[in-house]
Amino acid sequence: MKHINKCIATLALLSSVFTSCGKDNVAPAIDTNQKAMLSIQFDNIVGDKNLQLNTGTYTNAAGEDFKVSLLRYFISNIKVKTSSGEEYTVPQDSSYFLIAEDNAASQFVKVKVPVGEYASLSFVLGVDSLRSTMDISKRTGVLDPTGGMDDGMYWGWNSGYIFFKMEGTSSVAPVDPSGQHKFRYHIGGFGGYNAPTLNNVRTITVDLTAGGIAKVRQDRESNVHLMVDILKMFNGTTTVSIASNPTVMFSEFSTKVSGNYINMFTHDHTEN
Ligand SMILES: [Cu+2]
């Protein structure tokens, strides 16, 4: 599978030397004066298959075939926690990332955290309401709605950012003017003043104990390898059918979609 190749690539990148875990079982307290890089990998998959844009054909729980042409989502507000419960919040200004399936580098989120051992991490899928309404000068980089963001992840001041965007084709989707059977899921909504009832800001917590805790040290880059199963967007509490809902944007039904995709993230392993 392709994600294994990615792992190998990651390992090569890290050029880490594997050593045994050692016997120091007592986790030291985190020291915010001593920071090192932590990498979090978002490996997009479809069930037990790697996601292949445009070429891969998949089937959802409704029995509908589909292909994916575009996948993008925002990850923000990252926190890490030690097994003893000490939590560190990455400074918010350095905590917004846009994961794009067509941009391999974007799938590795790099944050600086105190040297330490982390047993869980959490993040927001989307952009919090506070940042969504901040002055434009505070929304730079991937959040800049004016320059650089040619990927259409912004609806406008009142509606804010699109948190999760997946598009593709399916034989059960209606034919659009281009002659393609297209589906479009553009999910956002930060609970702001324009639509106070629609809020798709979702916080995801991932436990790392089973797959390997992250040991953040100087001179190394621990990589937490997450699997992101986009099939979960269709298959969950609500069975999302492409035939019934080929286009979901700023509507009440979007909360059903985000209620499903909160379960996309699982920890596979950690390269320390
Ligand atoms: Cu890996």
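## Serine 132

Serine 132 is buried, at a relative accessible area of 0% (buried means under 20%, exposed over 50%, partly exposed in between, using a 1.4 Å probe and protein chains only). You'll find serine 132 in helix 2, residues 129-132. Helices here are DSSP runs of H or I with at least four residues, strands are E runs of at least two, and both are numbered from the N terminus.

Setting aside neighbours within four places in sequence, serine 132 is in contact with Val127, Arg139, Trp157, Tyr161 and Phe190; contact means heavy atoms within 4.5 Å. As for glycine 156, 24 residues apart from serine 132 along the chain, the two C-alpha atoms are separated by 9.8 Å.

## Serine 76

Serine 76 sits in strand 4, residues 65-81, and counts as buried because its relative accessibility is 0%. Not counting residues up to four places away in sequence, serine 76 touches Ser95, Tyr96, Phe123, Val124, Gly126, Val127 and Asp128.

There's also a side-chain to side-chain polar contact between serine 76 and asparagine 77, at 3.0 Å. That term takes a pair of N or O atoms within 3.5 Å, one able to donate a hydrogen and the other to accept it within protein; residues adjacent in sequence count only if both atoms are side-chain atoms.

## Whole chain and model notes

The protein chain has four helices and 17 strands, and 49% of its 272 residues count as buried. Of its contacts with a separation of 6 or more, 74% come from residues 24 or more positions apart.

This is a predicted model: local features need pLDDT of at least 70, side-chain atom pairs count only at pLDDT 80 or more, and totals for chains, interfaces and linings use all residues. Residues are numbered from 1 along each chain as its sequence is written, and side-chain values use heavy atoms, with hydrogens and water left out.
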